[in-house]
Amino acid sequence: MTDQNKDLTAISILPKHIGIIMDGNGRWAKLRGKRRIFGHEAGVIKAKEVVEQCVKMKLEVLTLYAFSSENWSRPRKEINGLMKLFERTIGKYTSLLIDNDVCFKPVGNLDMLPEVLKRKLEQMEAITSENSGLRLNLAIAYGARQDIVGAVKTIIDKLEKGELSKEEINEDLVSDHLSFNDVSDLDLIIRTSGETRLSNFMLWESAYSEIYFTETLWPSFEEQEFMEILQNYSKSERRFGSIKDQIDLKKA
Ligand code: IPE
Ligand code: IPE
Ligand code: MG
């Protein structure tokens with residue numbers, strides 16, 4: 001039995017949907033006396049490793065937060081470097097995703113991205129759309145509040161056109177109008193780098209997520225820690241507002 005398989009046996013309940021806020025690339029690079037982009041490059045390699053681990057575990061959905069709506073406020077030079085890096089990464093890993101039966105979906109305001117990058121992301125989505133293994137969402141130029149505003153606008157449009165009535169507006173309907181409408185809510189969120197905030201990541205879909213904050217900077221995140229987080233998750237009792245006795249009754 002490999003070490004990873006041994007670790008996996010200790011995980012009795014695997015989350016369906018994991019979201020990762022991959023933070024700390026800049027600090028990781030600075031600690032090594034390098035430019036920030038060096039940290040982002042190391043971060044991409046880490047993202048690839050985590051995707052491979054999730055494929056092995058047969059996870060259903062992984063969402064990686066790669067670039068937020070608010071990250072547009074960074075220096076132009078860093079943004080350009082990141083956009084080029086995203087572009088190169090897609091080219092480099094297309095066959096890896098295909099070989100591993102990964103279904104890829106970019107989520108965010110793709111119109112804000114450079115045309116070439118947008119096209120490559122959409123191509124990758126199209127090429128992998130029939131794959132039935134891991135669903136990999138890449139949150140890029142994404143912000144949860146912006147997504148919610150978009151949903152509100154669409155719902156109002158439908159109301160005005162008479163396609164919807166006010167009585168039909170409920171939680172499911174709002175969910176249906178968000179970008180993550182074809183996957184389940186987040187079960188587990190991991191944020192690296194010691195920051196204990198969500199930074200506009202999937203605010204609606206995280207209503208009942210377990211959240212795990214670690215001091216580790218993203219490029220230093222290792223498989224061992226990932227397994228420990230999953231083992232921890234497996235032990236957590238998610239009550240969704242009810243009490244323990246009710247959960248036990250449901251299990252019986
Ligand atoms: C996360 O790392 C990557 C992006 C937000 C694009 P950072 O670039 O935020 O790294 P720190 O937080 O400055 O160390
Ligand atoms: C959150 O990291 C966004 C991503 C990891 C893509 P930030 O580094 O942008 O978050 P803040 O600014 O520290 O909240
Ligand atoms: Mg950061």
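Buried means under 20% relative accessible area, exposed over 50%, and partly exposed in between, with a 1.4 Å probe and protein chains only.

**Ground rules**

I am working with a predicted model, where local features need pLDDT of at least 70, side-chain atom pairs count only at pLDDT 80 or more, and totals for chains, interfaces and linings use all residues. Residues are numbered from 1 along each chain as its sequence is written, chains are lettered from A and ligands numbered from 1 in the order in which they are written, and side-chain values use heavy atoms, with hydrogens and water left out.

**Confidence**

I looked up pLDDT, the predictor's confidence in each residue, from 0 to 100. The protein chain averages 95, and 96% of the residues score at least 70. I then went through the elements, where helices (H or I, at least four residues) and strands (E, at least two) are DSSP runs numbered from the N terminus. Helix α1 (residues 3-9) has the lowest mean pLDDT, 58, while strand β1 (residues 17-21) has the highest, 99.

**Salt bridges**

Side chains of opposite charge can pair when their charged atoms come close. I counted a salt bridge wherever a side-chain nitrogen of Lys or Arg is within 4 Å of a carboxyl oxygen of Asp or Glu. By this rule I get 14 salt bridges.

Back to Arg27: its side chain meets that of Asp23 in a salt bridge at 3.5 Å, N to O. Asp23 counts as buried because its relative accessibility is 17%. Both residues belong to a network of salt bridges that links Asp23, Arg27, Arg191, Glu195 and Arg197.

I also noted Arg74 with Glu78, whose closest N and O atoms are 2.9 Å apart. Arg74 is partly exposed at 29%, and Glu78 is buried at 12%.

Which residue forms a salt bridge with Lys105? I found Asp182, with the closest N and O atoms 3.7 Å apart. This pair links distant parts of the chain, with Lys105 in strand β3 (residues 103-107) and Asp182 in the loop between α7 (171-176) and β5, 77 residues apart. Lys105 is buried at 18%, whereas Asp182 is partly exposed at 44%.

**Cysteines**

I took a disulfide as a pair of cysteine sulfur atoms within 2.5 Å, and the count comes to 0. For Cys54 the nearest cysteine sulfur is that of Cys103, 15 Å away. Cys54 is buried, with a relative accessible area of 0%, and Cys103 is buried too, at 15%.

**Two threonines**

Is Thr63 buried or exposed? I have Thr63 as buried, because its relative accessibility is 0%. Thr63 lies in strand β2 (residues 61-68). With contact meaning heavy atoms within 4.5 Å, and residues up to four places away in sequence not counted, Thr63 touches His17, Ile18, Gly19, Ile20, Asn137, Ala139, Phe180, Phe201 and Met202.

Thr196 sits in the loop between β5 (188-191) and β6 (210-213) and is exposed at 59%. I put Thr196 and Lys34 at 25 Å apart, C-alpha to C-alpha, and 162 residues apart in sequence.
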